[in-house]
Amino acid sequence: MLRDRNPEAAEKLVSQLESEILVVPSFRQTLGTVVCKGDFNKLPSDLIGVLDGHENPGVNPYVLQRLIPDTERAEADPHSALRENHTPAILLYPECNYLSWSGAVDYRKTLPNLKIYYIPKAGHYIQFEQPELLRRVILTFLLDQPDAISPYKTDADPRRNQL
């Protein structure tokens, strides 16, 4: 048995299987926001297998843990330090995102030189539905050129403006 010959490899395999058991159902729930409704044909072929719930999309749930600030202690909250960071930054927010707009607003209030770009007709993985627009926005930012599209400047959810 693998466990007898190589306990380290056996533990790694068990960890990977655990990760697959945890990830596949949660990934399937958000799959409708990876791309906009009706655009599943734009998913790469390696993600199509996730639709039936039997394949790991290559995501490790332990890596996806996020920082949850200890609000009891101000020094544990990164927001105050980030408010002093004036590095230019961008956030691309797609129309069919599963993440709430309030998170984008929090980033705007935290990072003084953040520009938010609203990307219509795209899910959380913008590169599947708007690859050229994504490329242009990132390149113009990195090359310090005029914006490829206008930054979104208000705190109002841009998806509500379309109703």
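**Notes on the aromatic cluster and its surroundings**

1. Tryptophan 101 has a relative accessible area of 5% and is therefore buried, where buried stands for under 20% relative accessible area, exposed for over 50% and partly exposed for what lies in between, with a 1.4 Å probe and protein chains only. This is a predicted model, in which local features need pLDDT of at least 70 and side-chain atom pairs count only at pLDDT 80 or more, while totals for chains, interfaces and linings use all residues. Residues are numbered from 1 along each chain as its sequence is written, and side-chain values use heavy atoms, with hydrogens and water left out.

2. A search of the whole structure finds four aromatic pairs, a pair being rings of Phe, Tyr or Trp (its six-membered ring) with centres within 6.5 Å, called stacked if the planes are under 30 degrees apart, edge-to-face if over 60 and tilted otherwise. Tyrosine 93 and tryptophan 101 form an edge-to-face pair, because their ring planes stand at 85 degrees, with the centres 4.9 Å apart. Tyrosine 93 counts as buried, at 3% relative accessibility.

3. Tyrosine 118 and tyrosine 152 make a tilted pair, with 6.4 Å from centre to centre and 50 degrees between the planes. This pair links distant parts of the chain, since tyrosine 118 lies in strand E2 and tyrosine 152 in the segment after H7, 34 residues apart. Tyrosine 118 is buried at 12% relative accessibility, and tyrosine 152 is buried with a relative accessible area of 16%. Ring pairs link Tyr93, Trp101, Tyr118 and Tyr152 into a cluster.

4. Strand E1 (residues 89-96) has six of its eight residues buried, so the strand is largely enclosed by the rest of the structure; strands (E, at least two residues) and helices (H or I, at least four) are DSSP runs numbered from the N terminus. E1 pairs with strand E2 (residues 114-123) in the parallel sense over seven bridges, pairing being called where DSSP finds at least two bridges between two strands. Tyrosine 93 stands opposite tyrosine 118 in E2.

5. What makes up the β-α-β unit, and is it right-handed or left-handed? The unit is right-handed and consists of E1, helix H5 (residues 101-110) and E2; with the strands pointing away from the viewer, the path from the first strand over the helix to the second runs clockwise.

6. Leucine 143, placed in the segment after helix H7 (131-142), counts as exposed at 53% relative accessibility.
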